[in-house]
Amino acid sequence: MRVPPYGSRRVPVGPRDRRARFLPPPPGRARLTDDPPAVAVAGGGIAGFAAATVLAERGARVTLLERETSLGGRLAGRPVRLADGSRATMSRGFHAFFRQYYNLRALLRRVDPGLGMLRPLPDYPLRHSSGLCDSFRRVPRTPPWSAAGFVALSPSFGARDLLRMDPVAALPLLDVSAAHIHRALDDTSAHDFLGSIRFPRAARHLAFEVFSRSFFADPRELSAAEMVLMFHIYFLGSSEGLLFDVPDEPFPAALWDPLAGRLEALGARVETGTPAERVEPLPDGGFGVVAGGADRRFDAVVLALDTDGLRGLVARSPRLGDTAWRERVGRLRTAPPFLVSRLWLDRPVRPERPGFLGTSGYGSLDNVSVLDRWEGEAARWAARSGGSVVELHAYALPEDTEPSAEQELLLGQLHRVYPETRAARVLDARHEWRADCPAFPVGGHPDRPTVRTGVPGLVVAGDLVATGLPVALMERAATSGFAAANVLLHRWGVRGEPLFTVPDGGRSRALRALARWGRGRTGKESTTAPARI
Ligand SMILES: Cc1cc2nc3c(=O)[nH]c(=O)nc-3n(C[C@H](O)[C@H](O)[C@H](O)COP(=O)(O)OP(=O)(O)OC[C@H]3O[C@@H](n4cnc5c(N)ncnc54)[C@H](O)[C@@H]3O)c2cc1C
């Protein structure tokens, strides 16, 4: 059974934004021929899949090494047997596939050209416990009308708030360049930046919930550069809008099984339960990779690992990279722990509840999703049982949080948000406690690795990588994975993968001029500072 229609439009396949930026692939021949190089890709999340896919398509002999028994990294899923005897998939949690994720979509199109696996969610409401609720459904997609429309429609950010803001200090938001933003704002916290532009207090939950907490961080500790980049990517710099799509089946069925099947059909080896333990540069320019108890030789290595994975591997590989690079990797940190709780309830939530709701002011609860609205497996279970499948997320939790107490608190917050769940019996509950998202601390940007490492044949990919491009989160993982493959292919004289991003800078000459004028007024434009923030 397919999920009943929820949201009528088909998802767009390519960029709709006329100003989306095209980065042509490095030129070269179409594919590798005689005796193609062997490449180890360590890490089977989005970044590893993106790199492995492009390399295998160009004829490289790819081995994908994944530490866990399931593929997908932070979007992995595993089979579970519920208390009522039915089979289900517990995954790492709800993910929003935004329309400006051009490179991630290009990866997914390999196995689903029309992106039929994605379904649009009709709205993305944000509710504050004070009763304020914002919605993006009716907000125009194209800046500056998106910002104007948002102000006109938002109960938490009105025209009066706009007037109270420091318009001159905020003008540079109209012309954000990923290549320069960190030099301008990395030493400021997201919290202080919003204070400096007099961003309205009531609307801060918006900025924090949508942009800052998506990084699993306290706004006092998050670099303002990362938050401002998010404003740009999702709101002020792109006309794709803030609405998003979600996979219509659990991640393994929708994404990883088809992508892994295709990789294998291209001749790649996909090895799960096989951590890369050590990487040693060899005198002939290749690499010895110890994984799964065996020592194998590869011509090139892609490190597409999470933060702890990368730090650990580099620490165990004493001859990899120069001292400065190794020290920078050693300083990388993960964001605080977070909890994803999935509840199988014995009754439905009210029909008007959205598929996804961002929340704030409800203790640690950050969002609630109702999976049976859009995911086939959950919808089938709900149809059989008369119940519902609800997921709760809580980010940036203190290190010493007591798991069962926090899980109870989260359930209590669900009761406040959707009071009808008070009477529901929890038929089964699964909880994912993790701490594997990268931290983007104030002043931390210089430590982040770039795709190139300085070691020929060794590249890094993942959402922790500094790309200099306007991409974040899943799209940063996909983009850096493609970029890592491109660096290797260029070395071998083979054509790389084209990339798309949202515009890197203000969308129009008028907005850019206005922003430049604002920078002039605040003295942000100096000879040492970059031309744009
Ligand atoms: C709950 C949650 C919700 C999120 N929501 C969103 C969202 O709505 N939108 C969005 O864009 N992003 C979201 N994100 C972020 C998104 O999940 C990540 O940006 C993205 O998945 C990162 O992919 P990656 O490939 O860089 O890293 P990962 O997915 O972490 O992959 C790294 C892989 O490396 C493996 N590994 C580690 N060490 C080794 C080793 N030594 N050998 C072999 N393998 C190893 C790990 O097991 C893992 O599979 C969310 C994240 C979480 C946790």
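## Helix packing, domains and the ligand shell

Helix 1 and helix 15 pack with their axes 7 Å apart, at an angle of about 35 degrees. Here axes are lines fitted to C-alpha atoms, for helices over the stretch in contact, and angles run from 0 to 180 degrees between N-to-C directions. Helices (H or I, at least four residues) are DSSP runs, numbered from the N terminus. The crossing of this pair is right-handed; a crossing is right-handed if the near helix is turned clockwise from the far one by less than a right angle, and left-handed if anticlockwise.

A quick word on the model itself: it is predicted, so local features need pLDDT of at least 70, side-chain atom pairs count only at pLDDT 80 or more, and totals for chains, interfaces and linings use all residues. Residues are numbered from 1 along each chain as its sequence is written.

Back to the first pair. Helix 1 and helix 15 pack as described, and among the residues in their contact are Ala47, Ala50 and Val54 of helix 1 and Ala478, Phe482 and Leu488 of helix 15. Two residues are in contact if their C-beta atoms, placed from the backbone, lie within 7 Å. This contact has 14 nonpolar, 3 polar and no charged residues. For these classes, Ala, Val, Leu, Ile, Met, Phe, Trp, Tyr, Cys and Pro count as nonpolar, Asp, Glu, Lys and Arg as charged, and the others, Gly among them, as polar.

| Helix pair | Angle between axes | Distance between axes |
|---|---|---|
| Helix 1 and helix 15 | about 35 degrees | 7 Å |
| Helix 2 and helix 15 | about 70 degrees | 7 Å |
| Helix 11 and helix 12 | about 140 degrees | 9 Å |

Helix 2 (residues 102-109) packs on helix 15 at about 70 degrees, which makes helix 2 roughly perpendicular to helix 15. Angles under 35 degrees count as roughly parallel, over 145 as roughly antiparallel, 65 to 115 as roughly perpendicular and the rest as oblique. The crossing of helix 2 and helix 15 is left-handed. In this contact, Asn103, Leu104 and Leu107 of helix 2 meet Met474, Glu475, Ala478, Thr479 and Phe482 of helix 15.

Helix 11 and helix 12 are oblique to each other, and helix 11 passes helix 12 in a left-handed crossing. Their contact divides into 4 nonpolar, 1 polar and 2 charged residues.

Now to the ligand. It is surrounded by 34 residues, and the closest are Gly43, Gly45, Gly73, Gly309 and Leu473; a residue counts as near if its C-beta atom, placed from the backbone, lies within 6 Å of the molecule. Helix 1, helix 11 and helix 15 each supply at least two residues of this shell. Sorted by class, the shell has 16 nonpolar, 10 polar and 8 charged residues. Domain 1 and domain 2 each give at least three residues to the shell; domain bounds come from an automatic or database domain assignment.
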